[in-house]
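Student: I would like a close look at a single part of this model, taken slowly and with its surroundings kept in view.

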Amino acid sequence: MLASILASGLAMGAIYALIGITYNTMFATSRVMSFTAGQLGMLGGVLGSLFMLRWGLPPVLALPLTLAAAALFGVVTEFVAVRPVLKSLEQHLYVLSTLAVALLVQQVVAIEWSTEPQPFPRLLGIGSGVWDEKYWLPVAACAATVLGLEYLYRRTLVGRAFVAVAEDNYAARALGLPERNLRIASYALAGAVGALAGFAGGQLLLAFVANGPLLNFYGFIPVALGGLGNNRGAVIGGLALGLFQQAANFLAGGIFASVAVFSLFIVVLLAAPQGLFGAPAARRV
Amino acid sequence: MQITRRGLGLGVAGGAAALGLARPAIAQNEPIRFGWLASMTGPSSAPAIGFDRGVRFAAEAINAAGGVKGRRFEVITRDSQGEPTKAVNATQELISQSRVHAIWGPTNSGESLAVTAIMARAKMPNIHPCVVDSLIDPNRYPNAFRVAPSNGQWDDAVRRYATDVLKARKVAVFGDNTGYGVTAAKASSDAFKRENVEVVQLSNIDATQPDMTPDMLRARNAGAQAIVVWTVSTGMLARMLNTRAQMGWDVPFVGHPALSAGDIGGLLEKPENWRNVFCVGYRSCSYDSTGKLPARSQELVDRLQGKVNLNDSLLWWVACGVDAVNLVAKAVEATGSTASEAIIGHWNSLRKFPGYYGEYSFTPTQHNGYPGEDVVMSAANTGRNGAFALAPGYG
């Protein structure tokens, strides 16, 4: 039982963590919580299945195509749902605009793809039981993403520019950084990360339109637990959520597991409203 | 010209007489308007698409044979998209604008719960295939007739098979977390308990839950000898069957017709994961041990050959659609009237109406017309031309 909790819990936790990173990546350069994050995960599964099972492409081609398509969707989101509302962030209109885009995608996928879950193929054919690839692929994808982002943010000029915009976009603009282009690039990056979550977790989640709202919701919890904008917090929060959820499934079962998850979530937020790894927001007085 | 009181009186009397004579002539020639509330698009569209094939086939056959006493049979379809609010609007439009003579549908219980009272107020003759028991109540809804089994009849068939054929004395009952899943699983569990069968686990699972291992492990540890499932979620069912195989546990699955849905085949890790799975089926649409359908069903299949595709649908959906049209047509033919009282009165007198899907019987106090003994269990992995083989244990 313990092995099953660990395998499944870590796999789902890694998927939630990747969606949390997707939220954070979009938030960092725009200060917008884009509720398209879960839909990007759903698109990763659906496009992966489309390219591999219906078009017959090998995984090595299907993965970059999926990530590219999701990156493009990220850019479209920036143009359509984020840029028009940036001037009035305090009115939180982005909630409406990003939710509208998310619903639009959901409806299109439901009509053009299917409302029923569709199969997602085995990618490597490695492992069985608790070592099946469907369990460790999401964890590997999460680890690769975290390492890749660390490298990007610490070792590359573009990455440092991202960090500069995230910390103080006015100062970054004053220094001549192309803030708008960096924001577009961050939405493309977020699209690819979100789709990677759905692609790597496709064998667990299947290519299913209902995964969008599910990931939107459960992917937000690591962000809240780990602290907004904190990727390490999102990873730890995501893995903890996955493990706790799976343990609750074993101990309480069914819908009571969700009750246990949300009870813990509320308790954590009551104790640390800024998240377990976030700093309290400073306010100039 | 001067209008006198006598002239006016004679004119009115003459006009009334003329209209009175003309009205039956119009009524006898106007088409029979058959309202069809179909969820043709949206998440629960598969059954409606199957029913629709039967409806169109039967209506075309009637019209090709000269109609019903010379009256054309006109199908007026409204797509409710699986949404109760749209079903309400469509029902009101069919009643007040299209002025249909009878309504077939809706085809899912959520929509039917929303429109049944509206049809009752309008005294609209209504036949539907929805399973929720409360939809049929001759006192509250004297206009509503069911031509498919109720959920209780499904439940009886599943329970009989689990206890009498599989000899299970300990069962685990699962439903999804929708309203249907919760109520169906609870009703099923209660019925098992009433027959002194131990329900070792009763769980409602989120249909999108990716891993079913926890729930299946608990069922195995509790000693379940059969798994009873009530959900339409093919993803949930396929995951449960895959988990059963991974656990190396050959416990039989018994339950909802969705266990035989074609989508499940694509989601299974191996085709053999579908063995030892038995779902609700119908004797009229089942192959016997020699691989043959009942004669009347075979006659329908032969008639449908080349005209209606059965490969991506279920035979009972198509057959039930044919029966719905014939029930209305025969009522008009027998009574010579499209008045709602005439149609409802005729249906109330039906004894073993020979439909393709079943032999329907109604009385003024019993509007569940489908024979319970014809609800059987099918082997879920034996689908062929929309029909399934009878599960082991049926003669």
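Student: Which residue is the bridge partner of B:Phe253 in β10(B)?

Tutor: In this predicted model, the bridge partner of B:Phe253 in β10(B) is B:Val277. That pair belongs with the pairing of strand β9 of chain B, residues 253-255, and strand β10 of chain B, residues 277-282, which run in the parallel sense and are joined over three bridges. Both strands are part of an open sheet of six strands in chain B, whose order is β7-β6-β8-β9-β10-β14 and whose pairing is mixed. At the edges of this sheet stand β7 (198-205) and β14 (375-379) of chain B, and because each has a single partner strand, one side of each is left without a neighbour in the sheet. Between neighbouring strands of the sheet the turn is 30° on average, with direction ignored. Helix α5 of chain B, residues 151-165, lies across β9 and β10, and also across β6 (170-176), β8 (226-230) and β14, running at about 60° to β14(B).

For a view of helix packing in chain A, one can turn to α1 (residues 2-30) and α2 (residues 37-54), which pack at an angle of about 130° with their axes 9 Å apart; the two helices are therefore oblique to each other. The crossing in which α1(A) passes α2(A) is right-handed. Where they meet, α1(A) contributes A:Ile19, A:Thr22 and A:Tyr23, while α2(A) contributes A:Ala37, A:Gly38, A:Leu40 and A:Gly41, and the residues of this contact divide into four nonpolar, three polar and no charged.

Conventions: Residues are numbered from 1 along each chain as its sequence is written. Chains are lettered from A and ligands numbered from 1 in the order in which they are written. This is a predicted model: local features need pLDDT of at least 70, side-chain atom pairs count only at pLDDT 80 or more; totals for chains, interfaces and linings use all residues. Two strands pair if DSSP finds at least two bridges between them. Helices (H or I, at least four residues) and strands (E, at least two) are DSSP runs, numbered from the N terminus. Axes are lines fitted to C-alpha atoms, for helices over the stretch in contact, and angles run from 0 to 180 degrees between N-to-C directions. Two residues are in contact if their C-beta atoms, placed from the backbone, lie within 7 Å. Angles under 35 degrees count as roughly parallel, over 145 as roughly antiparallel, 65 to 115 as roughly perpendicular and the rest as oblique. A crossing is left-handed if the near helix is turned anticlockwise from the far one by less than a right angle, and right-handed if clockwise. Ala, Val, Leu, Ile, Met, Phe, Trp, Tyr, Cys and Pro count as nonpolar, Asp, Glu, Lys and Arg as charged, and the others, Gly among them, as polar.
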